[in-house]
Amino acid sequence: METALKNSDGASCIFCKIIKKEIPTEFILEEDDVLAFDDINPKAPVHILVIPKKHIESVSDLDSENAGVAERLILGAKKIAEGKKLSGYKLVFNVGQEGGQIISHIHLHLLGGWPSSPGKLEV
Ligand code: 5GP
Ligand code: ZN
């Protein structure tokens, strides 16, 4: 199961290809170490993926040395949400195959833009 997610060098990683512009993608946010773009299969009116430019597979690969990546993803998502004037939104990390993670390059889902609040936590 876990080996299906393994992609330690990023060579065949679809998000690394987006970072290297091998897959043309419009960036919503580009910072020194963070990129954001629309999810290809949106699950909400606004569904944006915020990723680090460095290939890290998952939240499970974060430790005290590199956990700043998570902070930068969250702050990137917040900046986008403010720019889009979202009054509320969800931030989701899927972790591991059983957690619904398909792409093994850490990414934060920013979901929002519903006409009215879903009003409940749909996890
Ligand atoms: P995960 O399930 O790994 O947390 O989420 C991966 C997300 O990446 C999915 O929501 C999927 O729709 C999105 N995705 C997969 N391939 C591509 C792609 O080539 N371009 C973009 N923009 N999104 C993608
Ligand atoms: Zn990658």
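**The ligand, the zinc site and the chain**

Modeller: In this predicted model, an oxygen atom of ligand 1 is 2.7 Å from an N or O atom in the side chain of H107. A polar side-chain atom of K43 lies 2.9 Å from an oxygen atom of ligand 1.

Biologist: How much of ligand 1 does the protein bury?

Modeller: Ligand 1 taken alone exposes 520 Å², and the protein buries 85% of that. Around ligand 1 there are 17 residues, of which D39, G100, I102, H107 and H109 come nearest. By class, eight residues of this shell are nonpolar, six are polar and three are charged.

Biologist: Which element gives the largest share of the shell around ligand 1?

Modeller: Helix 2 does, with three residues. The elements that give two or more residues to this shell are helix 2 and strand 2 (34–38).

Biologist: Turning to the metal, which protein atoms are the donors of the zinc ion (ligand 2)?

Modeller: They are C13 (SG), C16 (SG), H55 (ND1) and H105 (ND1), at 2.0 to 2.3 Å from the zinc ion. The cut-off for a donor to this metal is 2.8 Å, so these N and S atoms qualify.

Biologist: Why is the site of the zinc ion (ligand 2) called tetrahedral?

Modeller: Four donors count as tetrahedral if all angles lie between 85 and 135 degrees. The angles among the four donor atoms of the zinc ion are 105 to 117°, and therefore the site is tetrahedral.

Biologist: How are the donor residues of the zinc ion (ligand 2) spaced in sequence?

Modeller: The spacing is C-x2-C-x38-H-x49-H. C13 lies in the loop between helix 1 (2–5) and helix 2 (14–19), and H55 in the loop between strand 3 (46–52) and helix 3 (68–83), so this pair ties together parts that are 42 residues apart in sequence.

Biologist: How do you know that C13 is buried?

Modeller: Buried means under 20% relative accessible area. C13 has 3% relative accessibility, so it counts as buried. With 16%, H55 counts as buried too.

Biologist: What is the relative accessible area of H105, and which contacts does its side chain make?

Modeller: H105 has a relative accessible area of 0% and is therefore buried. The side chain of H105 reaches the backbone oxygen of P52 at 2.8 Å, and it makes a polar contact of 3.2 Å with the side chain of H55. H105 lies in the loop between strand 4 and strand 5 (108–112).

Biologist: Why is K21 called exposed?

Modeller: Exposed means over 50% relative accessible area. K21 has 55%, so it is exposed. K21 is not a glycine, yet its phi is positive, near 65°. Its place is in the loop between helix 2 and strand 1 (27–30).

Biologist: What pattern does the chain follow along the sequence?

Modeller: The pattern is α-α-β-β-β-α-β-β, with three helices and five strands in the chain.

Note on methods: Residues numbered from 1 in each chain as written. Chains lettered and ligands numbered in written order. Predicted model: local features only at pLDDT ≥ 70, side-chain atom pairs only at ≥ 80, totals over all residues. Heavy atoms only, no water. Donors = N, O, S within 2.8 Å, 3.2 Å for Na, K, Ca; no water. Tetrahedral: all angles 85-135°; square planar, octahedral: opposite > 155°, others 65-115°. Helix = DSSP H or I, 4+ residues; strand = E, 2+ residues; numbered from the N terminus. Buried < 20%, exposed > 50% of the residue type's maximum accessible area, 1.4 Å probe, protein only. Near = heavy atom within 4 Å. Polar contact = N/O pair within 3.5 Å; in protein donor to acceptor, adjacent residues only side chain to side chain. Areas by Shrake-Rupley, 256 points an atom, 1.4 Å probe, with all protein chains shown as cover. Nonpolar A, V, L, I, M, F, W, Y, C, P; charged D, E, K, R; others polar.
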